[in-house]
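Biologist: I have this model open next to its sequence, and I would like to talk it through with you. Could you put it up for both of us?

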Amino acid sequence: MGANPTQAYGIIAFYLAFAALAGAFASGGSLVLVIVAIVLLGVSVAISLKCKPWEDAEH
């Protein structure tokens, strides 16, 4: 899988999702942070599915 900006955005959303989930656990189960984590994880999956590897591209 090649490195391109779209993949970077997907990984950033993935890291933010787990940071929000950790914050939810640390705060005693904040429902708002759990919802934010689920939404960010969905965004990460959507961005990752949108990515196309550069290796298969014609040069």
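Modeller: What follows is a conversation about this model, which is a predicted one.

Biologist: Which residues make the nonpolar surface patch?

Modeller: The patch consists of Ile-11, Phe-14, Tyr-15, Phe-18 and Leu-41, and its area is about 500 Å². Helix α1 supplies the largest share of the patch, with 4 residues.

Biologist: Why does Ile-11 count as partly exposed?

Modeller: Its relative accessibility is 44%, and the partly exposed class runs between the limit for buried, under 20%, and the limit for exposed, over 50%, so Ile-11 falls into that class. Ile-11 is found in helix α1.

Biologist: What about Phe-14 and Tyr-15, are they buried, partly exposed or exposed?

Modeller: Phe-14, which also has its place in helix α1, is partly exposed with a relative accessible area of 36%, whereas Tyr-15 is exposed, because its relative accessible area is 59%.

Biologist: Switching to the rings, how many aromatic pairs does the whole structure have?

Modeller: A search of the whole structure finds 2 aromatic pairs. One of them is formed by Phe-14 and Tyr-15, whose ring centres are 6.4 Å apart and whose planes stand at 50 degrees, which makes the pair tilted.

Biologist: Which residues form the aromatic cluster?

Modeller: Phe-14, Tyr-15 and Phe-18 form one aromatic cluster, and these three residues are also listed among those that make the nonpolar patch.

Biologist: Now helix α2. Where does Ser-44 sit, and what does it touch?

Modeller: Ser-44 lies in helix α2, and, if residues up to four places away in sequence are left aside, it touches Gly-10, Ala-13 and Phe-14. The C-alpha atoms of Ser-44 and Ile-11 are separated by 6.8 Å, although these residues are 33 apart along the chain.

Biologist: Why is Ser-44 called buried?

Modeller: Because its relative accessibility is 5%, and buried means under 20%.

Biologist: And what does Ala-37 touch?

Modeller: Leaving out residues up to four places away in sequence, Ala-37 touches Ala-17, Ala-20 and Leu-21. Ala-37 belongs to helix α2 and is buried, with a relative accessible area of 6%.

Biologist: Does Val-34 count as buried or exposed, or as something in between?

Modeller: Val-34, placed in helix α2, counts as partly exposed, because its relative accessibility is 25%. Val-34 and Gly-23 are 8.6 Å apart in space, C-alpha to C-alpha, and 11 residues apart in sequence.

Biologist: One last thing, on contacts across the chain: what percentage join residues at least 24 apart?

Modeller: Among the contacts between residues at least 6 apart in sequence, 62% join residues at least 24 apart.

Conventions:
Residues numbered from 1 in each chain as written. Predicted model: local features only at pLDDT ≥ 70, side-chain atom pairs only at ≥ 80, totals over all residues. Heavy atoms only, no water. Patch = residues over 30% accessible without salt bridge, like charges linked within 9 Å, V, L, I, M, F, W, Y side chains within 5 Å. Areas by Shrake-Rupley, 256 points an atom, 1.4 Å probe, with all protein chains shown as cover. Salt bridge = Lys/Arg side-chain N within 4 Å of Asp/Glu carboxyl O. Helix = DSSP H or I, 4+ residues; strand = E, 2+ residues; numbered from the N terminus. Buried < 20%, exposed > 50% of the residue type's maximum accessible area, 1.4 Å probe, protein only. Contact = heavy atoms within 4.5 Å. Phe/Tyr/Trp six-rings, centres within 6.5 Å; stacked < 30°, edge-to-face > 60°.
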